[in-house]
Amino acid sequence: MKKKTLYELFIKAMRITIAQLLLAICFTSMGYAHDAKAQGDLNQKIYLQVKDETFSKVLKQIEKQTQIRFVFSSKLIQSTQKVNASFSGEPLSKVLDNLLQPRQLDYEVMEKMIILKKVGNQKTFSTDVLPATIIKKVEPIIPAFAVTGQVTDIKNEPLVGASIVLEGTTKGTLSDENGRYKLELEDDEKKGNLVFSFVGYDKVVAAIDGRYVINIALKEAGILNEVVVIGYGSQKKVNLVGSVGTVNVDEKMVGRALPNISSGLSGFVPGLSAVQASGMAGRNGAALLIRGLGTSNNSSPLIVVDGMPDIDINRINVNDIETVSVLKDATSSSVYGSRAANGVILITTKSGKGMKKTSLNFSSNMALELPTKAFDFLANYPLALTLEQQRAATSTLANNQRYKNGTIDEWMALGMIDPLRYPNTDWWDIIMRNGALQNYNLSASGGGDKSNFFVSVGTKKEQGLQINNDYEQYNARFNFDYKLGTNMNTGVKFNGNWSNFVYSLEEGYTDPAPTNTAGFDMQYAVAGITPYDPVSGNFGGVMAYGEDPQAYNPYTVYVNNLNRQQRKEAYTTMYLDWSPIKGLKGTVEYGLNYYDQFGWNANTPNQAFNFQTNSFGSRVYVGPNAGVSNNTFSGYKTLLNGRLNYNTNIGKNHEISALVVYSEEYWYDRFQGSSRNDRLYPTLHEIDAALTDIQTTGGNSSTEGLRSYIGRVNYNAFGKYLLEANFRVDGSSRFVEGQRYGFFPSAALGWRFTEEELFKPVLDKFLSNGKFRISYGTLGNNSGVGRYEQQSTLASNNYIIGGSVVKGFVNNKLINQFLSWEETSVLNIGLELGFFKNRLTAEIDYYDRLTTGMNRPSDLSILLTGAYDAPRTNIGNMRNRGIEGTFTWRDKIGAVNYGTTLNVSYNATRLEKWNQFLTRGTIFLNMPYNFVYSYEDIGIAQTWADVYKATPQGAQPGDILRKDLNGDGRIDANDQKAYPNLQRDRPTTFVGLNTFVSWKGIDLSFLWQGSTGRKSFWINAFNNVNFSTSRYAVTQAHVDNPWNLENRDGLWPRLGGSGNNTATTSFWLDDMTYLRLKNIQLGYSIPPRLFRKLGVSTLRIAGSAENLLTLTSFRGLDPEKEGNNNNLYPINKSYSLSIQVGF
Amino acid sequence: MCVTLQISCRKNLLDQDPTTELPANVFWKTEADAVTGLMGAYAATRPCFDRDYYFDGQGEYVRARGTSTTSGNLRLGDAYNNGNYDPTGYASSFDKMYRYLYGAVNRANYVIFNVNKMQAEGTTASAATLETILGEARLLRGMAYFKLISMWGDVPYFTNVVYENTTVAELARLPIGQVKDSIMADFTYAFDKLPTKASALGRATKPAALAFRGKLQLYWASWNKNGWPELKGFTPSATVATTAFTAAAADFKSVINNYGLTLYLNGDAGQIDTLGGADILPNYYNLFTPKANGNSEMIMVFTHGGTGTSQGEELMRDFSGRSHEGSQCWVSPRYEIANKYQSTVTGDFVTPLIPMNPTTNSAARTTLNSAVNPKSYDNRDYRMKSTIEWDYEKSIGMASLASTGLVPFIYQTWAIAVTINGVKYTTYNTDGCNSGYVFRKFVRNYAGQGRSDGDFAWPVMRLADVYLMYAEATNEVSGPQADAIDLVNKIRKRGNLPALAATKTANKIVFFDAIEQERIVELIGEGQRSFDIRRWRTIEKIWGGPGTAGVWRIDTYGANQQRYYQNTSDRTYQQNYIFRIPPTERDKNPNLTQNTPWE
């Protein structure tokens, strides 16, 4: 081995996990706990009768009687010397004298230990082993036996901190900076085995067999030993026959400034789309969708955390997560049959299993957040009014226009000197701020033979980009397992979290609810309003002559109209398992989820102030009778499940395992809300602090039950033929009797063809692993049906008689007695390949997923829809076909480790059956659900000649001209074109590229993510060319882009032109394709030696940036954003610094 | 397993009962159940009628620039949602109204079926009570079908409770005559069974059923007299018309004479404040505020509840501006209505107003007959001040359920500070009016209720309307009759107008004009005008015929606002006379025919 510099060695050591370093510390400190006073031990009475025994056997017998251990070097005792002795109740001191003196041995007593030495030998013990007090007197113990050696990798590079443990004991050590180790063993331990392990490497068990030197080269762990978490268990990846994607939450994931795990999954698993709709603090979770839109009902995957379904993925502490498994096909998810039609996301939290010793970890992550792209409202009121004039001039004579030239001139002049009275407010600047995300987490874990634990507390604080949009969450977790006996275990998992959320409107800047008529008022935030005057404490309103008093002051809303929400959740599960015979294990598990959410608002009264006239305007933002409203949502869910696992090997080559599960789930949810007008004082905010004259209340509850029977059989023959069969029967209380139960079976086959001796000579050269797998099965979904929807009930519809409310009941329901589960059948064909000793791995999947009996409101005659809700019926079929691939390359060049994973997925959604009449629109047979359907434009008419040449459509120069696609001489809805391969809501193709390079302690990683196949109209309330003739907040684009005679190349049609200019024309149809540098992270793991005195074993510092760069041609806010085009909340770009320390 | 964890092992895990809804099988047992069921039917019928004021936008005197309706919420006006309330091009936008009128039919059918069943199965409920309930349900069903035929002509007709879509999915339209006869049967049954006086405000009465029967016959007579060429298969008949007019007149006459009904406060005009004052308002104004709820002029109403009942009307939200609890002024009077208000002195029309722009013409406020000179509005029909506000008229502003004092309306100003006679005011704030007038009718002049919490009982049948319909019916049969003229004069008296001059009652034609004039002024904002225009077939008379220049609507400043019927095709006129059968339903139902101009 070549000589290495210390520095290099430390870099090498960086690859050691925290756990291993902790192990190292623990081992080096062993023995400190001893105590030197134990003379009383010598008075114990000894009864012994030996004849021709070896000396060590005699000592052993004494050890048994006294519980005192003898420590000595084997050299001190000749094994051939036989002992004959008889003691009956003599004190130990006497017995020792009797035995030792003839052999010229002396002894020294420590608590429960007697050290044998040669008489008169003054050589000292190693300071590591014994305290100084006895060092002077005692001869060093020359260990009975010591194994030394070196642990390296296969390239002969030493591995620092590899663990060497005597099998079946806690006795062990760690390799040093040169990979060397020394382990002292008792005589009788010579026949044991040593277990060499190092994270990321395959474990090696070596028999000592009396050897003094054992050098071991560990092989880097290939995919061969990778274990994947699946429903109700885990499985070696090589034996997996389903399609499962895995994300390990490692220090790199923790190093990212992620508000939640859902948004962190983007780009990691092919077929899983994780798309954020907003960067709003508290509402920035990503919408997860596996393999396209499976149904027109809820198509979100089922989230299962530690065996408990229905947990809010966004409330889980990212630091607590060990792995995330994405179950994509029927086989892997069918054990969750009923609600697994859209895939399952399994999250496993950390435990202390196999850790032996306790470790303590602290991590912190602080991020600065900026918008990826923001809006640019024009902070120039005179210019905005001029645009209003231009817009009005298309239809209104100058005299009749609203805004007068004098007003504009006055504002231009005085705006420069009197910003209070003539403001040119830059709203975006006022209502935005730098966002921040702080995440602190402290955890401890450990384990032993009997038990293991993981505890963690975490806090997350998000300061949104919008003022007064704050979210904070506290998490605590306790996972504990305990071995009750040799064949019985119990354990408990507890997670509690608590959050505090403040926001103004539901989407931050906007609110799409039809009940909120002011939901998109941001478009009315004119620059001529002073947000707030700290001197007088007044909030500004309109002041310009002719301005509409309803113009919007967003600042007052975001300051005075805030919603607050506190949510508390607790999830607990407890299990008990018992293995009465080998291979059989019974488990009972009980889980309880509880939540409680309290929301309140108490708006602060304020009124629009006119600083020019020094008087209040008519607009009362919040009236003096402002009240308070409270609402409470609470509920719980229980899960009881009992399972039996059986594993057995028949002969050497047949491995069978079976699982049966019975499960019950029960939900209970309730709501209660109340509000009162007239708060007694603006600062008070509880219901009792308001008058009682005007108040409202509401409350209700609902329950649901689900009963399931689950079975699974796995068969593995010769390590190459794999078979799996599953079924699940689910009964749901949502359906009427007779339709409650759904049966969802699946089966899969796998063939590890590289294990075939026949192919080995050919394949071995390049293919190290190859597996073909195919699975088929059905899954269910009941999400479209309401809890009581299938019960014939009367709904209240009250009336007023004689001035008072009277009871009224109506029948809204026509029940479809045959409604049952929506079924999805999935065919999955997969190929897994590992080339060049698994440096290159590829996993390719093809799937065909057909949802049948899609549960939809039936097509009801208009003669009935006015009275009855359309009963649901199983009518539609939706097919998703797609292909996914993951390609990973990992290698090492000298000290540089690098790897890259590319994952690509393509999905085509087709609506195949819909027994309902489909009118012209974006839903049609054999097309994607909500496909692109658009008028085609031929650009902006430059001249009247252009207008006359085109089909008559009421256009003028400056208007968009549309094509008469069907040639009937007029433009109407029939002239829209359908795009069979483009979707409005979601992309068809996703790409993720994850690359890392590490060199010594430095690691660098990039995550690129992109998608294509989606087009959408870039039309919203804020780029309207036909804006209202008053109070419109124009943007810079309204100045630059509209067509006019001086700007014939304008990107937009003229202002105030034809109403068709804002129609869904290809003119506004933008390609949402993008490629985004989702994350870039640079980390440095500082050599622990520098901090060892502080007890620090690992220290990693990382700088990370999210969404740093986006390449797209989309003109709107963000191409990744889903949902409402009017939602103004940008997606965050963030820069963060994370520190992870282990003790 | 279950023994160890009993808390979770639930025997009836899959049988979960609803907590706020009533299982249907326990209902329809008692008299109270029947009443409760009937109330459900009332609540379902109300929202098909209580925003009829939007329909006035299809006439020439009211502009409905939009609605305050909430999509998807029937109680909050979904039936009217998405409707077009312009004078032309509207008739294809009432699929929702069609849908909810049938909703009301289903609700009524459900009550009728179950009450019949109760009767048949024997019950402790009193027979008379059940018959009254049946009468009310049949009246409601008749009203729904009546509205359906008056908009769509022939319509599908069914009276049974529907359990499955297939029962009605392929129903064809029944000729209007047959539907009319069935409605007559419902109204007649209701007339027979209902009490003379309602047990409480909100329950239907005998005169209500009778008035509706009269109105149905009046409409039937109008269609037969004037024709309905857009309705395929309908052959008008003058004989039928005369019979129907006669029958209508008889029903109206009975309503007028036999039930002791009087106009509000005996039709007295009441007091009126000076120009600009708003303290004393005529009786006609008060009639349309909740203060007048329950008076005998309102023959049939749909009631509403105030704050906290979740049953409020939104009249204020639609009819007034931001100064009034943040209202939205969706509905406003057009400029052209002003000249319809006659002089209390002459009893005839005044010199037409002259629109003038005060921002460019400093004399505009003082010029004689200038539309922006408040003096031009002196000595007018009391109903003018009760109905509209012109420049410098005031109303009570309100915010946060409290009064903010008087707000003067000054067109083209929005909440600016003004000083009038030394008193400082903030002007009426609305961006919703483009004529120079806003409504006062239906706008409360006292604070305390939000814009969606009105408790006004919306009239669907009013005695003044019955008077005018009686006058119309008798005039059609036999020309101006003394009792009819007297009734018209009673209504004019409410506006403090003198009786009609002899020239106005000289013959059938001039008397009809006088009746129409009163209908315009008296019933403005009550959803009658566009139905009158269609049954009288007078669109061409108002807006000019096909291919003409059309007619501008202007404002008090003289600015052109909107022009209607410019170079309009014959087909568009036809389409404005009959509504379009919902095409989505025709796509599904092969037997459902379309009205001629919509084919």
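Guide: Gladly! Let us begin with burial: a residue is buried under 20% relative accessible area, exposed over 50%, and partly exposed in between, with a 1.4 Å probe and protein chains only. A salt bridge is a side-chain nitrogen of Lys or Arg within 4 Å of a carboxyl oxygen of Asp or Glu. This is a predicted model, where local features need pLDDT of at least 70 and side-chain atom pairs count only at pLDDT 80 or more, while totals for chains, interfaces and linings use all residues. Side-chain values use heavy atoms, without hydrogens and water; residues are numbered from 1 along each chain as its sequence is written, and chains are lettered from A in the order in which they are written.

Over all chains there are 87 salt bridges. In one of them, A:Arg477 meets A:Asp320 at 3.1 Å, N to O. A:Arg477 belongs to strand S25 (residues 470-485) of chain A and A:Asp320 to the loop between strands S19 (308-309) and S20 (321-327), so the pair ties together parts 157 residues apart in sequence. Strands (E, at least two residues) and helices (H or I, at least four) are DSSP runs, numbered from the N terminus. Both A:Arg477 and A:Asp320 are buried.

Another bridge joins A:Lys637 and A:Glu665, with 2.6 Å between the closest N and O atoms. Here A:Lys637 sits in strand S33 (residues 628-650) of chain A and A:Glu665 in strand S34 (residues 654-676) of chain A, 28 residues apart. These two, A:Lys637 and A:Glu665, are buried as well.
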